[in-house]
Amino acid sequence: MSMLVSALTSVELKFHLGTTHETARLLVTDNDLVRVCTSTLASVDADNIIAADANTDNIDVERVEWLNRILRQVWPNLNHWAKGLLKDTIEPSVRDALVAYKLHGFRFDKMILGSIPLRVGGVKVYDRNVDRNEIILDMDLFYAGDCDISFFLSGIRGGIKDFQIHGMMRVVLKPLIQQMPLVGGIQLFFLNNPTIDFNLVGVADLLDMPGLSDLLRRVIVEQIANMMVLPNKLPIKLSDLVPSRLLKIPEPE
């Protein structure tokens, strides 16, 4: 290599500018040529590494940090909406399920989701084999916040701390309408059972009973699944022009 470099006193470089090709004859010293060759090889290696990294990513899934920034800003408002969801939907179903085990009077007391919002790891938008009247997205959803939820069970107060949930959530925007907000409603559901974990606190008397802690966990997880794991869906109506039943109809298999 060094003999080849030493033998060269000039090099003809061809380079591409826009749509034209030009040829330039440059006189370079031995050291200059070595430096140019080394720099070029390093640049090619870097490009190959970048290309390899890009190929390993799922090109259909997009990172959405902009959406996470929006979620941080609207999180206090989502807190208010989630309280209604817990009180109106999850509380009755958990209460009814626990009655079968001779545990009565379940009700939520304090429901604070905290200041740490959920995060979306990536979003895939489907644009093939999709009805023209709907938009379908899959979101990699993760929440590990500082929620503070308390409840009463058989007259004893308990709580839920360190709640975590991770799963792939499908978001279906349907039907598309001609008036604002252009989407009649939203369907939310997990494609498979999400990973759910939490700690039960403050119910020492009850939790000392064999199997009760596992029972409470199982019932709570089951009721979340009954609400929004496929084929169950959580419908959210956005327009009075759309009948509620339309958002509750499951898609064909």
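**Entry 1: a pair in helix H5**

I began with Arg 218, which counts as partly exposed at 39% relative accessibility, and I noted the scale I was using: buried means under 20% relative accessible area, exposed over 50%, and partly exposed in between, with a 1.4 Å probe and protein chains only. Its side chain meets that of Glu 222 in a salt bridge, 3.9 Å from N to O, where a salt bridge is a side-chain nitrogen of Lys or Arg within 4 Å of a carboxyl oxygen of Asp or Glu. I found both Arg 218 and Glu 222 in helix H5, four residues apart, which is about one turn of the helix. Glu 222 is also partly exposed, with a relative accessible area of 37%.

**Entry 2: what kind of model this is**

I reminded myself that this is a predicted model, in which local features need pLDDT of at least 70 and side-chain atom pairs count only at pLDDT 80 or more, while totals for chains, interfaces and linings use all residues. I also wrote down that residues are numbered from 1 along each chain as its sequence is written, and that side-chain values use heavy atoms, with hydrogens and water left out.

I then looked up the pLDDT, the predictor's confidence in each residue, from 0 to 100. The mean for the protein chain is 78, and 72% of its residues reach 70 or more. Where pLDDT is low, the predicted coordinates should not be read in detail.

**Entry 3: the chain as a whole**

I counted six helices and eleven strands in the protein chain; helices (H or I, at least four residues) and strands (E, at least two) are DSSP runs, numbered from the N terminus. Buried residues make up 34% of the 253 residues. Of the contacts with a separation of 6 or more, 63% are between residues 24 or more positions apart. I noted an accessible surface of about 16500 Å², of which 57% belongs to carbon and sulfur atoms; such areas come from the Shrake-Rupley method with a 1.4 Å probe, and for residues only the protein chains shown count as cover.

**Entry 4: more salt bridges**

How many salt bridges does a search of the whole structure find? The search finds nine. Side chains of opposite charge can pair when their charged atoms come close.

I looked at Glu 65 and Arg 119, which form a salt bridge with their closest N and O atoms 2.7 Å apart. This pair links distant parts of the chain, with Glu 65 in helix H3 (residues 65-99) and Arg 119 in strand E5, 54 residues apart. Glu 65 is partly exposed at 38% relative accessible area, and Arg 119 is partly exposed at 37%.

I then turned to Arg 170 and Asp 138, whose side chains meet in a salt bridge at 2.7 Å, N to O. This pair also links distant parts of the chain, with Arg 170 in strand E8 and Asp 138 in strand E6, 32 residues apart. Is Asp 138 buried or exposed? Asp 138 is buried, with a relative accessible area of 6%.

I also noted Lys 87, Glu 91 and Arg 95, which are linked in a network of salt bridges.

**Entry 5: backbone details**

A cis peptide bond joins Lys 174 and Pro 175, with omega about -15 degrees, and Pro 175 lies in the loop between strand E8 (156-173) and strand E9 (185-190). Another cis peptide bond joins Leu 230 and Pro 231, with omega about 15 degrees, and Pro 231 lies in the loop between helix H5 (212-228) and strand E11 (234-237).

I found a positive phi, near 55 degrees, at Asn 129, in the loop between strand E5 (119-126) and strand E6 (135-144). Asn 129 is exposed, with a relative accessible area of 85%. Ser 154 has a positive phi of about 55 degrees and lies in the loop between strand E7 (148-153) and E8; Ser 154 is partly exposed at 39%.

**Entry 6: Val 201**

I placed Val 201 in strand E10 (residues 195-201), where it counts as partly exposed at 33% relative accessibility. Not counting residues up to four places away in sequence, Val 201 touches Gly 158, Gly 159, Ile 160 and Lys 161. Val 201 and Lys 161 are 40 residues apart in sequence and 7.2 Å apart in space, C-alpha to C-alpha.

How values were computed. Contact = heavy atoms within 4.5 Å.
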